[in-house]
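Please keep the sequence and the model in view while reading.

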Amino acid sequence: MSANQLPAFADKQPRNPISRRQVESIISRSVAAFGIVFGAQTLPAILDQIDQANPVWAAAALTAIGGSLLIAVIASILQRWVRPAHGLVAIVYLMALISWPFAVTNPQLVSGANHWLYYLLTVATATAAISFSTRLATAYLFVVPTLYALIRLTEPGGAVPVSQAVLDAVYAIILGGAVMIIVTMLRQASSAVDAAQATALSRYGNAVRQHATDVERVQVDAIVHDSVLTTLLSAGRAHSPEAQRLSAEMARRAIGHLSDAATGAPADGSTVRASVVAKRIADAVGPLPGHVAVSVRDLGTALVPVAAAEALYSAAVQAAVNSSQHAGTAVRRWVNVQGVENGLHIVVGDDGVGFDLHSVPNERLGVRVSIIERLANVGGRADVATAPGAGTVVSIRWPCPEAVSVARTSEATPGVTGRVAVDEEAPS
């Protein structure tokens with residue numbers, strides 16, 4: 001089966017899949033907007049009860065709650081610091097609720113109507129569901145309405161009947177509980193979708209890699225049969241100078257065919273998650289001699305073509321193996337995998353003995369072929385920063401538009417590979 005004969009589903013890529021991140025974004029923005037609407041509805045109650053509390057407390061409480069709601073809205077729109085912003089609303093509300101009885105100047109003026117803080121109680125429990133863990137949000141859901149009911153039983157709270165206080169608290173718990181159940185269910189469902197999609201993509205990636213391996217094996221077998229074996233047979237019968245020159249020319253062409261087959265990859269548009277590439281690298285470098293500190297961050301949901309993923313994995317592992325074999329024993333080794341715009345940046349380094357990159361013999365292919373040229377062939381770049389006694393840092397980036405020029409430079413001057421630069425990246 002050729003690369004163009006893959007099943008129809010192989011050409012289909014996921015389009016805007018529902019993810020935990022999208023669900024969190026929708027929930028946080030909805031709760032923030034919900035808080036602004038409920039905050040606006042409290043204005044009549046605030047104007048009616050403004051003379052019941054200390055003006056300083058009223059101004060401070062209104063400013064703190066209104067400001068925290070505004071911060072939650074901005075954070076939800078920008079999708080930055082969402083949980084801390086919603087947690088701020090829940091904490092500020094709790095502080096205002098606790099201090100409310102102490103701010104009442106004349107309990108005789110307090111009416112039996114619900115305090116203006118009651119209209120924001122559901123907002124507080126909803127923001128707690130966004131910010132806190134499920135257990136802490138559940139505790140907040142029951143404790144805060146109960147606290148409101150207890151305050152309402154006191155004289156500064158209006159000294160209402162027990163039945164009314166209990167009814168208000170139960171109503172707030174039911175409404176807040178409904179919001180928390182919806183939030184929890186949406187989070188669990190989106191997490192299950194993310195896990196299922198990651199599993200499916202991983203299996204699909206494995207199938208594509210196996211198919212690519214089979215295609216490459218068939219191609220190499222055909223080249224060996226049609227080109228290499230013919231060349232060897234011709235060389236065995238080359239007794240005259242002319243026949244020897246012909247055999248040498250055939251050998252050069254055979255080597256070229258093998259090189260093209262080794263660097264080729266099926267262009268079927270298949271991709272794998274960047275997180276899968278990072279996990280494969282971490283699993284591969286873990287068993288190497290000496291401790292290797294692995295750091296993975298900011299990968300997100302980025303997708304990498306299969307050919308590029310294989311090149312990134314192979315180049316990073318080769319760099320780590322080189323460090324394990326040549327850098328020395330009592331040295332620090334690290335592998336940092338970081339997501340960049342539409343790609344990956346991998347740094348493999350050590351503070352070992354280092355080496356002179358320009359003095360590496362041409363027959364040593366670990367750096368030139370396995371790392372630099374491998375990345376260049378898929379549109380990436382590998383830079384090696386090293387010097388005797390100064391350690392070695394291999395910086396691997398994909399994608400990189402300059403990769404083609406790097407590959408051509410390596411072919412033209414095989415004794416000089418990569419760009420020797422001072423790179424002070426260290427393990428995070």
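The model is predicted: local features need pLDDT of at least 70, side-chain atom pairs count only at pLDDT 80 or more, and totals for chains, interfaces and linings use all residues. Residues are numbered from 1 along each chain as its sequence is written, and side-chain values use heavy atoms, with hydrogens and water left out.

**Overall composition**

- The protein has 12 helices and seven strands; helices (H or I, at least four residues) and strands (E, at least two) are DSSP runs, numbered from the N terminus.
- Of the 428 residues in the protein, 41% are buried; buried means under 20% relative accessible area, exposed over 50%, and partly exposed in between (1.4 Å probe, protein chains only).
- Among contacts between residues at least 6 apart in sequence, 77% join residues at least 24 apart; contact means heavy atoms within 4.5 Å.

**Helix packing: H5 with H6**

- Helix H5 (residues 121–131) packs against helix H6 (residues 134–153) at an angle of about 165°, and their axes are 8 Å apart. This angle makes H5 roughly antiparallel to H6.
- Axes are lines fitted to C-alpha atoms, for helices over the stretch in contact, and angles run from 0 to 180 degrees between N-to-C directions. Angles under 35 degrees count as roughly parallel, over 145 as roughly antiparallel, 65 to 115 as roughly perpendicular and the rest as oblique.
- H5 and H6 cross in a right-handed manner; a crossing is left-handed if the near helix is turned anticlockwise from the far one by less than a right angle, and right-handed if clockwise.
- On H5, the contact is made by Leu 121, Ala 124, Thr 125, Ala 128 and Ala 129, and on H6 by Ala 137, Tyr 140, Leu 141, Val 144 and Pro 145.
- The residues of the contact of H5 with H6 comprise nine nonpolar, one polar and no charged. Ala, Val, Leu, Ile, Met, Phe, Trp, Tyr, Cys and Pro count as nonpolar, Asp, Glu, Lys and Arg as charged, and the others, Gly among them, as polar.

**Helix packing: other pairs**

- H4 and H5 pack at about 145°, with axes 8 Å apart, and their crossing is left-handed.
- The contact of H4 with H5 has eight nonpolar, four polar and one charged residues.
- Helix H1 (residues 20–41) and H3 have axes that come within 9 Å and cross at roughly 150°. H1 and H3 are therefore roughly antiparallel to each other, and their crossing is left-handed.
- Ser 28, Arg 29, Ala 32, Gly 35 and Ile 36 of H1 meet Leu 69, Ala 72, Val 73, Ser 76 and Ile 77 of H3.

**Aromatic rings**

- The structure holds six aromatic pairs. Rings of Phe, Tyr and Trp (its six-membered ring) pair if their centres lie within 6.5 Å; planes under 30 degrees apart count as stacked, over 60 as edge-to-face and the rest as tilted.
- The ring centres of Trp 100 and Tyr 148 are 5.8 Å apart and the planes are at 25°, so the pair is stacked.
- Trp 100 lies in helix H4 (residues 82–103) and Tyr 148 in helix H6, so the pair ties together parts that are 48 residues apart in sequence.
- Both Trp 100 and Tyr 148 are buried.
- Trp 100, Tyr 118, Tyr 119 and Tyr 148 are linked into a cluster by ring pairs.

**Buried loop residues**

- Gln 52 is in the loop between helix H2 (43–49) and helix H3 (55–78), and is buried, with a relative accessible area of 9%.
- Not counting residues up to four places away in sequence, Gln 52 touches residues including Ala 103, Asn 106 and Leu 109.
- Gly 352, in the loop between strand E5 (343–350) and helix H11 (368–376), counts as buried at 7% relative accessibility.
- The C-alpha atoms of Gly 352 and Ala 390 are separated by 6.8 Å, although these residues are 38 residues apart along the chain.

**Backbone features**

- Most residues other than glycine have a negative phi, and most peptide bonds are trans.
- A cis peptide bond joins Trp 398 and Pro 399, with omega about 0°.
- Gln 79 has a positive phi, near 55°, and is partly exposed, with a relative accessible area of 30%.
- Trp 81 also has a positive phi, near 55°, and is exposed, with a relative accessible area of 68%.
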